[in-house]
Amino acid sequence: MRALSSTLLAAQKTASAVPFVQVQVSDRITNVVRLRWERFYTGAEAENYHAAANPADGSLLRAWVDPAGPTLFYQRTAAPDDTSDYSLWSNFGSVANRDVALASNGHAVLLAYVDAAGSDIEVQDSDDDGATFGAAVTAASLAGVTWLALALRSNGDALLVYADATTVRVVRRTSGTWGAPATWTGTTNSITGVAVVHVSDFHLAVAGTDADDNPRLWTRIYGDGGQRPPGVWSTAYALAEADAASDVSFKAPFFGYVDVHRLFFVEEYAGSVAYSRPHWTSFPAGQSFDANAWREPVPFDHENDFGMAFAGDHTNAWLSTPDGVWNASMVWFPQTDLSADVQELSLEQTRDRGRIAVSLRNDDGRYNDLPNGAYSVIRPGAQLEVAPGLVTGEGEEVCAPALIYSIDGWEHTSSGGEATLVIRASDGLALLDRWHARRQHTWLAGDTSVALILAFVCGRAGLEKLNVNASTISQTIEPDFTIHPGEDGGRVVQRLLAMVPDLLRVVAQDVYLTEPEAADASVYEYGGNHAIFSGRYASSGLAVNRVQAFGDGVVAQEFDWPDIEDQHDRLQQVFDLNVTTQANAEDRAALTLRKASLALPRGEIVTPANCGQELNDVVTVTDGSAGIDAQDFRVAGIQLRWVRRDGRARYEQRLLLAEV
């Protein structure tokens, strides 16, 4: 159950409870701020290597290598919303026509570039938000360096990432001294860009081609004591992939971390209708970086060969190219509160989907100008946050966390002189259904667990997957698994869940993977202090009472003998070459029969609303009229209805019951 205060818990068990539902909307997607970019500057600077940073004083720093020199130009705009400064650059002298990098942390700034001779990587420090820089220091030397990136820690330590045509290297600065370089492990045929950001470890993005010349954009950890010990590399995970013969390639990544990881990179196509288009993606804030849970990359409305440098703080985000600057607000509080206008709310949650309809009063036409005007935040894809509650002695109290939905659309209605706006929205399961694989994704047996593959799929849809009482099987079985081009995320998730005993449920922006145990304790009681308006309790035979699991040279069966005696056998056969041992086969047969039992409908009850009720909770029901005495059920579905209009009030829930 979701968290309820003691006063809210007590109030929902009384007949005199006063209903309250909090409904808010914000310009976010699964709790990630949706950036709406506005172009501040359009210039005539030549497209080439560039970088940007946003130090603590809010200024915007930009660096650019003019290929005509080549010359390094630098710019500091103290008030970035003053667009008059964006055409003014300071000449920092001759350099090689190679990449340039900027990094900031607090008031400290680092600037890196390749000297005019083309072999030494020079770094300059600033301690006044980039207003002035100290003398250049050589951090590393290598002929043929093309790409640079910097990350700066709050204590002044830093990491320089640099690459020539085929190899990535890193060098750390500790206590002001640059150390010896370390080489990226693994084989790459080419490198077409590097980026780095520090978030407990150094997180890298590298574009290039693999040993077979297949274009890739990888992300990887270089340890700094967070998830990895200092100096230890993680596995390289492919964020974007293409085949060698596809004419598609990736280059010029730029990393940033403000609210979450945000990554921009260029996807280039060299075919008959060529393009070079930036794409962007983000990463869930609480997800392990090893999960490779990036949202499916989205194209940006701009053509560009050298990428878009990303910088920002908690109020503003910036994109920069030599000839352009874009701004987007990072501020999403406060949400627009619609609670006072709600006339009716209808919510439905099952294991397969969640959806809601909210009717708002519109008698004065306040919502007629959507998606413009005072309520412009209401638009497709915006986040609708709904928290059931009650009026208690403490005031208007609601459950936590709120339920989160993504707005699908709305309808304006009129009848009998009454006007309403009806907003319709879906939960995170719909985001999974709407994600379709752009290409084939393959995991070889022994590489990645079912839990981590699920994290990848959820991440592509913009959701964060968390393990809460997840099964051991889900975290240890590492199948040979393929996602086919065009396959939707919902179907992929169902194929993965068929291998493990776990169920999924969506809470806010998170997807929880949990194994339902027959011994799970009840979390709430209905029929005593919490009244039951009506009940229906079903008994029936199993839809499946015998399972045969066929693996690679092994087979196992599971039986429900009493049900077979009643109904004869109702057989389900499972074929999976990932099942390679007799023990695996027996586990698979048992979990398949268990899930068939969990899917068996056992009836429903209608009660006053329980503000904290969640899917898959075990609840105890006592309904003496139907002969039900303290019997446990698992919640397989929730319907919540609230009506407040014409003096009528209705606030009740319908729970669909299943086996524990």
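The secondary structure of this protein, a predicted model, comes to seven helices and 49 strands. Helices (H or I, at least four residues) and strands (E, at least two) are DSSP runs, numbered from the N terminus. Residues are numbered from 1 along each chain as its sequence is written, and side-chain values use heavy atoms, with hydrogens and water left out. Local features need pLDDT of at least 70 and side-chain atom pairs count only at pLDDT 80 or more, while totals for chains, interfaces and linings use all residues.

**Overall form**

- The C-alpha trace of the protein spans about 90 × 70 × 50 Å along its principal axes.
- Of the 660 residues, 54% are buried (under 20% relative accessible area, with exposed over 50% and partly exposed in between; 1.4 Å probe, protein chains only).
- Contact means heavy atoms within 4.5 Å; among contacts between residues at least 6 apart in sequence, 61% join residues at least 24 apart.

**Helix α3**

- The buried residues of α3 include Val-450, Ile-453, Leu-454, Phe-456 and Arg-460.
- After α3 comes Gly-462, with a positive phi near 90°.

**Val-500**

- Val-500 lies in the loop between α5 (489–497) and β39 (503–507).
- Val-500 counts as buried because its relative accessibility is 0%.
- Leaving out residues up to four places away in sequence, Val-500 touches Val-450, Ser-471, Ile-473, Ser-474, Ile-477, Leu-591 and Lys-595.
- One of these, Lys-595, is 95 residues from Val-500 in sequence and 9.7 Å from it in space, C-alpha to C-alpha.

**Glu-344**

- Glu-344 sits in strand β30 (residues 342–350).
- The side chains of Glu-344 and Arg-641 are joined by a polar contact of 2.5 Å. A polar contact is a pair of N or O atoms within 3.5 Å; within protein, one must be able to donate a hydrogen and the other to accept it, and residues adjacent in sequence count only if both atoms are side-chain atoms.
- Not counting residues up to four places away in sequence, the residues that Glu-344 touches include Ala-357, Ser-359, Arg-641 and Trp-642.
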